[in-house]
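Dear colleague,

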Amino acid sequence: TICPQFFASCLGEGLLGKASDKGLVRIEVENLRDYATDKHQKVDDEPYGGGAGMVMKVDVWAAAIAKARADLPGARVVLLSPQGETLSDAATRWLAQNEHLVLCCGRYEGVDERVAENLVDETLSIGDYVLTGGEPAALVVIDAVARKLPGVIGRAESVETDTFAAGLKYPQYTRPPEYRGWQVPEVLLNGDH
Ligand code: ADE
């Protein structure tokens with residue numbers, strides 16, 4: 001990412017924060033600018049063929065990804081991009097099998113295509129819409145993958161019974177049994193469900 005501060009608060013909160021505290025996940029954020037070689041720490045340049053917007057540079061991404069691969073042998077390297085394969089529950093499951101994931105967040109109007117072609121293992125999208133950068137997409141991937149890891153969700157069965165593992169999640173209720181005339185289904189109240 002070129003925006004490391006984007007991740008700070010999100011990763012410290014809630015179940016993800018607890019998972020980090022318990023040592024179940026470890027998330028490190030690298031600033032792509034640290035891999036730029038010119039004095040202005042330039043990470044993007046004008047597109048060949050013209051057009052609006054800037055394109056992130058292949059050489060800078062190559063340096064950053066090489067460092068990540070060297071530090072994390074066997075890591076799966078994923079580029080977040082609206083052009084990628086759409087994230088699914090199955091994908092989060094097998095991403096969670098990897099010891100190390102490297103999530104590459106692009107910014108600006110695009111990333112030199114040679115990054116997707118030659119440097120990463122796969123390209124993932126979180127849906128059919130375009131974000132201003134890959135950072136929110138990376139957070140989605142981190143969250144969805146982390147909750148597949150043993151111990152991250154309080155009760156292991158929550159993962160098994162949640163929306164995708166068991167078809168659509170059934171509606172849930174808690175006290176009070178009646179609120180403004182809105183009733184909790186009788187079958188849930190008699191303890192015999
Ligand atoms: N970057 C911009 N839009 C994106 C999307 N929909 N999914 C993943 N990365 C993105």
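Which pocket does the space taken by the ligand correspond to? That space is the second largest pocket; a pocket here is an open set of points on a 1 Å grid over the protein atoms alone, where a 1.4 Å probe fits, with protein on both sides within 12 Å along at least five of seven lines, and lining residues have an atom within 4 Å of a point. A molecule sits in a pocket if more than half of its atoms lie within 2 Å of its grid points.

This is a predicted model, in which local features need pLDDT of at least 70 and side-chain atom pairs pLDDT 80 or more, while totals for chains, interfaces and linings use all residues. Residues are numbered from 1 along each chain, and side-chain values use heavy atoms, without hydrogens and water.

Ligand nitrogen atoms lie 3.0 Å from a polar backbone atom of Ile126, 2.8 Å from one of Tyr129 and 3.0 Å from one of Leu131.

Of its 26 lining residues, Leu80, Ser81, Pro82, Gln83 and Gly110 lie nearest its centre. The lining divides into 12 nonpolar, 10 polar and 4 charged residues.

The largest pocket has a volume of about 1100 Å³, and its lining has 26 nonpolar, 5 polar and 6 charged residues.

Yours sincerely

Definitions and conventions
A polar contact is a pair of N or O atoms within 3.5 Å; within protein, one must be able to donate a hydrogen and the other to accept it, and residues adjacent in sequence count only if both atoms are side-chain atoms. Grid points are joined across faces, edges and corners, and a volume is the space filled by probe spheres set on the points. Ala, Val, Leu, Ile, Met, Phe, Trp, Tyr, Cys and Pro count as nonpolar, Asp, Glu, Lys and Arg as charged, and the others, Gly among them, as polar.
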